[in-house]
Structure formats: C-alpha cells, structure tokens
Amino acid sequence: MAAPMVERGEDAFRTLFKFYRRKHPPPDLSNVLDFSKGIVCDKVLSTNLEVSAVSDGEASRAGLRPVRDWRAFGLQGCPGFIFIANPFLRGSQPHWLRRCLKTYTQKPNVCNLDMHMSPNETDDIWGKSADTLRRAPCGKKEPKTLLEKLRWVTLGYHYNWNTKTYSAEHHTPFPADLQRLSGLVAAAAGFPSFNAEAGILNYYRSDSSLGIHVDESELDLSRPLLSFCFGQSAIFLLGGPRREDPPTAMYMHSGDVMVMSGQSRLLYHAVPRILQDPPPPCGLGTSLSRGQGSPERGVSGEGGVDGEEGGVGGEDWAVCSRYIQSSRVNMTVRQVLGPGQSFPGVPKGSAPDAEGGGEGGGQKRRRSSSGGTESSDT
Ligand code: OGA
Ligand code: MN
C-alpha cells in the first residue's frame, strides 16, 4: 500500500507516523528519500559545507573523512537542515558504537535503568551484559541483558524527562571525544563556536519508535542540534513548524549525520520505524565493518580514532556486532546555553505542549523516564 495522501490540517504527521510504524502489512517504502543514493528528486538540494573549517588531520583523528569528501544535502522548504551521508572513515563507526555501549553507559552518566534500579545494579552495564551477548544464541529464550534493556543515556547537562528542562545542578562532564567530534561537524556546517553541552543517546530495538516532537528545551536555539546514527537503518520523518504539517520521510543509515539549525531547528520530527537487515546492511560489513586493513583508514591503524590503538578488538566487536544486529543507536548533541548565558534562578515546569493526544503525538517526546524510546513490548 502506497503512503497515503494527506492534507495539511488533518494531522498528516500522525497519519504518516502510523503508516510507517505499521507491521501488517508492511508499509511501501518507495516514497522514502535515500540520501545515500545522491540527489533523488527535486526536493533534495546539494549543500555546501565549510571545507576549510576542519583540517584533514582533525577530521581523521575523530574518525571522519576530509570534509571536502562529505556528501551533504538539504531539503526544499527546510532551510538549515543538513543531511550528511555517512562522513565516517571506514572502520571508525565501531569506535563510536563501542563508546555508546561500553563507555557512555558508565556513571556518572544517567540512563533509563537508573530510574528503577540501584546504582550497584546499573554500575557496569557493558560488563554485566557482554558475556551473554557474546555467546551464540542457544535456542532458549534468555532474560534480556541490561544492554538490551537500555533505552537512553544522557550526558553533560542531563535532560529531565519530567520537567523537560536542563539545570545547572544536574550536570556532569561531557565526554571530550564526543565534544570534539561534534565541534568538527558543527564547524563544517557553519557553526564554528558550537559547544556540545548535552547529549541524549537513544538505544532502539527493532520494535522501538520515537514519537513526534520538537527539541526546544535548550536555552539557545540559535545553536544547531546534531544527530549521529549507528546500526540498523531507520525511517526519519521531518515535518514543519506546526504539529500537523505533513512530514518528509527519509532513511537514516548507519554513519549518517543530521544537522538541524536555523529555521529547521524547531521542526517536528519522529522515528516511526527501525528497519532490519537484510536488505544489505547499511552498516554491517561495509560502513560499520571493523575495516581491518582498510586502505581508507591509514592514519591510526585499524579503525582507530584518536588516542586508540588498533580499533575495536575481537572481544568487544563480538558484543557490539551482536547488539547492533537488531538495534540502532542515535546520539543527539546539543548546546544548551548561549555565550554568557546561565539558567534562570527558578527551574521552569513543563514547557507549553503542542496539541494533545494520539499515537505518536501530543507529547514533546513520547518517552518516559523508565521507558525510553517506545517499544511495543514494553
Ligand atoms: C531526539 C531525536 C532522533 C533519532 O533524540 O531528540 O530526535 O534519530 N532523535 O533517534
Ligand atoms: Mn529530536
């Protein structure tokens, strides 16, 4: 069944969200834009980046190709939206994926499991999950590992899902390597003074989705929002400034990066569906391979990123690759405060919400403190 024709005003976004989320029958994906295939229709524009803002050495140390080699696109009607089709060097995605699973899940970062488990129990999510994940499936249904129950991690200024605010009190150091990566991408997109201060990492299982929302809790909305994807591909819906504006559907493949800035910083968006390989892995075995001996890699050995000798090794890769077979990880990085800005003295309550109700709509983010990305089995 082809994507339904929906008119503005009848909650076109909600209709398309449900269409792409549907399991039976599976939706027709022929209208989904695929930037990895280049310019596919007249809605897609080619976008120029600030090629000289990032040196090749800086890019390589963060696992990125030279900016002149990145393929960046825009969308008609969405000024400030930049889609960068996988700018990562071959072999460097495993590094970032392992950071998301092994490092950023550690304290003092905050995750959904902390909401209903003791600090001891959530102390070493990777360590407590690795052996089980590494083992081949034995047929019988095993209890889910902590990694498989993980839905979100927050970094830096920790987003409060209940009040929808950040605060000065709830802050821990933002990971320096992710700050560098974000700074480089932002500079290439024309924001040389971007300062990564908050991260929300989303961990999607194959049946997860992320409801229709706008990210407007950051105090300086003139700064871009960056989004990095690893693992299974997803359908991303980018709508307009009003909740009911009809969205454009696009694939996000492993390694793809999105910048939402300018007028597009406040557009409604959602992730209705995680896709499952095959068709040929958007990442696995190609862009998400370890890149052993990859001639593209060169600089710091096999898939290495700055400060790392020799890339993601066998044991860790066994866990990462197993996890990612049925999962997607997305890192969103935000600057919360403008230069010289500080939090208002009294924390604000919930920001005014958009229109209420309905599947995939109503809430800013259809996620709860305990639930993370929505999953039909939770
Ligand atoms: C978010 C978000 C998109 C994604 O976390 O605000 O929109 O692709 N994530 O996971
Ligand atoms: Mn968002």
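Is Asn 86 buried or exposed? Asn 86 is buried, with a relative accessible area of 17%. That is one of several spots worth a look in this predicted model, and here are my notes.

1. Let me stay with Asn 86 for a moment. Its phi is positive, about 25°, although the residue is not a glycine. You will find Asn 86 in the loop between E3 and H3. Since 17% is under the 20% limit, Asn 86 counts as buried.

2. Phi of Lys 164 is near 60°, a positive value in a residue other than glycine. Lys 164 belongs to the loop between E5 and H6, and with a relative accessible area of 18% Lys 164 is buried. As background, most residues other than glycine have a negative phi.

3. Please also glance at two cis peptide bonds. One runs from His 24 to Pro 25, with omega near -10°; Pro 25 sits in the loop between helix H1 (12-21) and E1. Another joins Lys 107 to Pro 108, with omega near 10°, and Pro 108 is in the loop between helix H3 (93-103) and E4.

4. Now to the sheet. It is open and has nine strands, in the order E1-E2-E3-E11-E8-E13-E6-E5-E4, with antiparallel pairing. Strand E1 (44-46) and strand E4 (110-111) are at the edges; each has a single partner strand, so one side of each has no neighbour in the sheet.

5. Within that sheet, strand E3 (residues 81-85) pairs with strand E11 (residues 257-260) in the antiparallel sense, over four bridges. Ile 82 is a handy landmark here, as it stands opposite Val 259 in E11.

6. Two helices pack on the sheet. Helix H6 (residues 176-188) touches E3, strand E5 (152-156), strand E8 (225-231), E11 and strand E13 (327-334), and the direction of H6 makes about 115° with that of E8. Helix H7 (residues 314-324) touches strand E6 (198-205), E8 and E13, and the direction of H7 makes about 95° with that of E13.

7. Finally, the metal site. The manganese ion (ligand 2) is coordinated by His 213 (NE2), Asp 215 (OD) and His 269 (NE2), at 2.1 to 2.2 Å. Along the sequence these donor residues are spaced H-x1-D-x53-H. His 213 is buried, with a relative accessible area of 2%, and Asp 215 is buried too, at 4%. Water is not among the atoms, so the site may look incomplete.

Methods: Residues are numbered from 1 along each chain as its sequence is written. Chains are lettered from A and ligands numbered from 1 in the order in which they are written. This is a predicted model: local features need pLDDT of at least 70, side-chain atom pairs count only at pLDDT 80 or more; totals for chains, interfaces and linings use all residues. Side-chain values use heavy atoms; hydrogens and water are left out. Donors are N, O and S atoms within 2.8 Å of the metal (3.2 Å for Na, K and Ca); water is not among the atoms, so sites may look incomplete. Buried means under 20% relative accessible area, exposed over 50%, partly exposed in between (1.4 Å probe, protein chains only). Two strands pair if DSSP finds at least two bridges between them. Contact means heavy atoms within 4.5 Å. Axes are lines fitted to C-alpha atoms, for helices over the stretch in contact, and angles run from 0 to 180 degrees between N-to-C directions.
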